[in-house]
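Take a walk through this structure, one region at a time. Keep the sequence and the 3D view side by side as you read.

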Amino acid sequence: METLVSLCKRRGFIFQSSEIYGGINGFFDYGPLGAELKRNIRDCWWSDMVRRRDDIVGIETSIIMHPRVWEASGHVAGFTDPLVDCKASKQRFRADQLFFSPVVVDARTVGYVSALESERTAEELQEAAEAFKRKKSIQGKLAPVRVRDMTEALAEEIALIPSPATGEPGSLTAPRSFNMMFQTNVGALTDASSVSYLRPETAQGMFADFKAVVDTGRVKLPFGIAQIGKAFRNEITPRNFIFRSREFEQMEIEYFIHEDADWAKCHREWIDSCKDWLVSIGLPAGRLSEYNHPKEKLAFYSKGTTDIMFRYPFGVQELWGIAARGDYDLKQHEKLSGVPQVIFDEATKKKFVPHVIEPSVGVDRIFLALLCAAYAEEDVKDDKGGVERRTVLRLSPRVAPVKVAVLPLLKNKPELVARAQALYRKLKHGYAVFYDESGAIGRRYRRQDEIGTPWCATIDFDTIEKDGTFTLRERDSMAQVRIGEAELFALLAEKVY
Ligand code: ATP
């Protein structure tokens, strides 16, 4: 992760927000290359999920909505994470990410140890238990740790569990619910009547506009409403770079189906098509897996939720949630707004509230997954036959921020420069391209490898003196072929879609 974070900063993919003021935790900016990559993710998704399908329409709803929306959705009452305070350090922890274990020696509890969630939580707790026993010079046989999180701590245990901030017990509070919605006030008055929220998900926009789309969009079941947009959550512990931030972007679909439809089949089809889509933009299928939420942990209205997981460097984590939500959301809005959220069934001549399957994914999490999967360092032959190390981002041409770099072999030959500039201008109409004339050609290739540019077109003397062809160098194989303009445009049309 450290290597990736530093590459992101060095090459202008991602910056800490407001860095000149010391940064603000949980907020990020996308630099010139990051903005391109992110836009490509959104564009691929919109093309594949909305434009290329007959059954999905796209909308864009406002970030601040009527506060009653969030009452109907359950967010005002229940969009909470369990929070634990450390009274000594003033730090806050998510209770379900703070783990502890009793230290048991010869079947007797002699103290407690704690650790924050990581890839090695159990090992860290075991090491802490051994250290505790050593420090207190306790003789006897240490039992293996029993890992629990703070939401499972008994009242009498809380005072005995050390704070991860200080290492000492006595300062942690019992978990309490913390609502993650950002509040604001709409209008000049800042009293209770003007309270509103930055949306914590884009989904409610689709539900709130369901009637408007049905009445105007000529849609027929099954159909989906899709949206891409920012969402905000006051996460207690933003972490793992852009994986969990406080301002992020979601791409969500509410796919409405008949109340009697086979929801399990539809749910399965969505899981498969979301996975296929991730592979189509370059994520290796081998790093994806599925996690089915256990029945007992589902909300009462939920029929089933499956997460597509990705193996990040910090562990296997949720990338895309696909939830079968029944008719809960529309019914809630019907109840609170008084406006029927029904659709007319031509076959049975009956009106009913449709059910919904909701695939919901974070753009930033896809961004990070793509970088993690694409990053490689390898030894390659240099121009002189020696070995050099190169960093390469093996990004799919669909999402790569720059598709082609155009390089004149030498910058002090006006004919080469003019020809390269002409090609660059032509390509620029349709694609993100980069022009680079400075430095040795090998070094210029390396610079493009590092930002994931799939192809470099080098204009040399043969280009101007012979048939106009140039050298096209492919990033991953580093193979070089001579091709002409028409072939390059054909290649781009095939690979960048
Ligand atoms: P988590 O359990 O990781 O907090 P969640 O189950 O609360 O996620 P959902 O409410 O299902 O997430 O949101 C849908 C998607 O939005 C997630 O699969 C994820 O890709 C993205 N997402 C959610 N929270 C964040 C966040 N804080 N930062 C970045 N992306 C997020």
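Helix α11 is mostly covered, with 11 of its 12 residues buried. The buried ones are V363, D364, R365, I366, F367, L368, A369, L370, L371, C372 and A374. The model is predicted, and its geometry can be checked here. Helix α11 runs over residues 363–374. At 1.5 Å a residue, its 12 residues should span 16 Å. The end C-alpha atoms are 16 Å apart, which agrees.

After α13 comes G452. The phi of G452 is positive, near 85 degrees.

Now step back to the whole chain. The protein chain has 15 helices and 26 strands. It holds 497 residues, and buried residues make up 50% of them. Its C-alpha atoms fill a box of roughly 85 × 75 × 50 Å, taken along the principal axes. R325 and R425 are 100 residues apart along the chain. Their C-alpha atoms are separated by 49 Å. R325 itself sits in strand β16. It counts as buried because its relative accessibility is 15%, under the 20% cut-off.

Which strands each supply at least two residues of the shell around the ligand? They are β13 (247–257), β16 (315–326) and β19 (355–362). In total, 14 residues surround the ligand. The closest are E235, R244, S245, E318 and L319.

Look at the polar atoms next. A polar side-chain atom of R244 lies 2.7 Å from an oxygen atom of the ligand. R233 also points a polar side-chain atom at a ligand oxygen, at 2.9 Å. F243 takes part through its backbone instead: a polar backbone atom there is 3.3 Å from a nitrogen atom of the ligand. On its own, the ligand has 590 Å² of accessible area. The protein covers 80% of that area.

Charged pairs come next. Side chains of opposite charge can pair when their charged atoms come close. The count comes to 44 salt bridges. One of them joins D48 and R52, with the closest N and O atoms 2.6 Å apart. D48 has a relative accessible area of 17%, so it is buried.

Another salt bridge brings together E290 and R268, at 2.8 Å from N to O. This pair links distant parts of the chain. E290 belongs to strand β14 (residues 288–292), and R268 belongs to helix α9 (residues 263–280). The two residues are 22 residues apart. Are they buried, partly exposed or exposed? E290 has 31% relative accessibility, so it counts as partly exposed. R268 is partly exposed too, at 35%.

D327 and K331 form a further salt bridge, and their closest N and O atoms are 2.8 Å apart. K331 counts as partly exposed because its relative accessibility is 40%. Some salt bridges share partners. In this way E378, E388, R390, R394, R446, D449, R473, R475 and D476 are joined into one network.

The side chains of R148 and E157 are joined by a polar contact of 2.7 Å. R148 lies in strand β8 (residues 148–149). It is buried, because its relative accessible area is 18%.

Which residues make a nonpolar surface patch of about 220 Å²? I63, I64 and V186 make it. V186 is found in a loop. That loop runs between β10 (183–185) and β11 (195–197).

Methods:
Residues are numbered from 1 along each chain as its sequence is written. This is a predicted model: local features need pLDDT of at least 70, side-chain atom pairs count only at pLDDT 80 or more; totals for chains, interfaces and linings use all residues. Side-chain values use heavy atoms; hydrogens and water are left out. Patches are made of residues with over 30% relative accessible area and no salt bridge: like charges are joined within 9 Å, nonpolar side chains (Val, Leu, Ile, Met, Phe, Trp, Tyr) within 5 Å. Accessible areas come from the Shrake-Rupley method with a 1.4 Å probe; for residues, only the protein chains shown count as cover. A salt bridge is a side-chain nitrogen of Lys or Arg within 4 Å of a carboxyl oxygen of Asp or Glu. Helices (H or I, at least four residues) and strands (E, at least two) are DSSP runs, numbered from the N terminus. The expected span of a helix is 1.5 Å times one less than its number of residues. Buried means under 20% relative accessible area, exposed over 50%, partly exposed in between (1.4 Å probe, protein chains only). A residue is near a molecule or strand if one of its heavy atoms lies within 4 Å of it. A polar contact is a pair of N or O atoms within 3.5 Å; within protein, one must be able to donate a hydrogen and the other to accept it, and residues adjacent in sequence count only if both atoms are side-chain atoms.
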